[in-house]
Amino acid sequence: MTEQIITLEATEQAVALFGSFDENIRMVEREFSVSIVSRGSDLKIMGEAENVDKAKRALN
């Protein structure tokens with residue numbers, strides 16, 4: 001299992017990224033078979049290396 005961290009620069013960026021009731025993040029998790037955890041201004045993406053890379057590119 002691989003982990004990568006994305007640091008969000010602004011609160012507005014996080015709000016837009018997560019969407020209503022975190023629906024956008026859940027969609028990314030399902031689409032790329034990863035788990036995403038929010039810790040302050042960081043998002044930790046966990047899963048198989050290829051899937052984590054794809055999810056990170058989608059979120060960026």
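**Reading loops, helix pairs and the core**

Biologist: Between which helices is the loop that holds Phe21?

Modeller: Phe21 lies in the loop between α1 and α2, where helices are DSSP runs of H or I with at least four residues and strands are E runs of at least two, both numbered from the N terminus. This is a predicted model, in which local features need pLDDT of at least 70 and side-chain atom pairs count only at pLDDT 80 or more, while totals for chains, interfaces and linings use all residues. Residues are numbered from 1 along each chain as its sequence is written, and side-chain values use heavy atoms, with hydrogens and water left out.

Biologist: What is the phi of Phe21, and why is Phe21 classed as buried or exposed?

Modeller: Accessibility is read in classes: buried is under 20% relative accessible area, exposed is over 50%, and partly exposed is in between (1.4 Å probe, protein chains only). Phe21 is exposed because its relative accessible area is 85%, and its phi is positive, about 55°, although Phe21 is not a glycine. Ser33, which sits in the loop between α2 and β2 (35-39), is another non-glycine residue with a positive phi, near 55°, and it counts as exposed because its relative accessibility is 54%.

Biologist: At what angle do α1 and α2 pack?

Modeller: Axes are lines fitted to C-alpha atoms, for helices over the stretch in contact, and angles run from 0 to 180 degrees between N-to-C directions. Helices α1 and α2 pack at about 60°, with their axes 5 Å apart. The two helices are therefore oblique to each other, given that under 35 degrees counts as roughly parallel, over 145 as roughly antiparallel, 65 to 115 as roughly perpendicular and the rest as oblique. Their contact (heavy atoms within 4.5 Å) is made by Ala16, Leu17 and Phe18 of α1 and by Glu23, Asn24 and Ile25 of α2.

Biologist: Which residues join α2 to α3?

Modeller: Helix α2 (residues 23-32) packs against helix α3 (residues 49-59) at about 145°, with the axes 10 Å apart. From α2, the contact is made by Ile25, Val28 and Phe32, and from α3 by Asn51, Lys54, Ala55, Ala58 and Leu59. Phe32, placed in helix α2, is in contact with Asn51, Lys54, Ala55 and Ala58 once its neighbours within four places in sequence are left aside. The C-alpha atoms of Phe32 and Glu48 are separated by 9.3 Å, and these residues are 16 apart along the chain.

Biologist: Which members of the largest nonpolar core touch the most other members?

Modeller: A nonpolar core is a set of buried Ala, Val, Leu, Ile, Met, Phe, Trp, Tyr and Cys residues joined through side-chain atoms within 4.5 Å. Of the 15 residues in the largest one, Leu17, Ile25, Val34, Ile36, Leu43, Ile45 and Leu59 touch the most other members. Helices α1 (11-18), α2 and α3, together with strand β3 (42-47), each supply at least two residues of this core. Leu17 is in contact with Leu8, Asn24, Ile25, Leu43 and Leu59, its neighbours within four places in sequence left aside.

Biologist: Which residues does Thr2 touch?

Modeller: Thr2 lies in strand β1 (residues 2-7) and touches Ile45, Met46, Gly47, Glu48, Ala49 and Val52, not counting residues up to four places away in sequence. Thr2 is partly exposed because its relative accessible area is 25%. Thr2 and Asp53 are 51 residues apart in sequence and, C-alpha to C-alpha, 9.3 Å apart in space.
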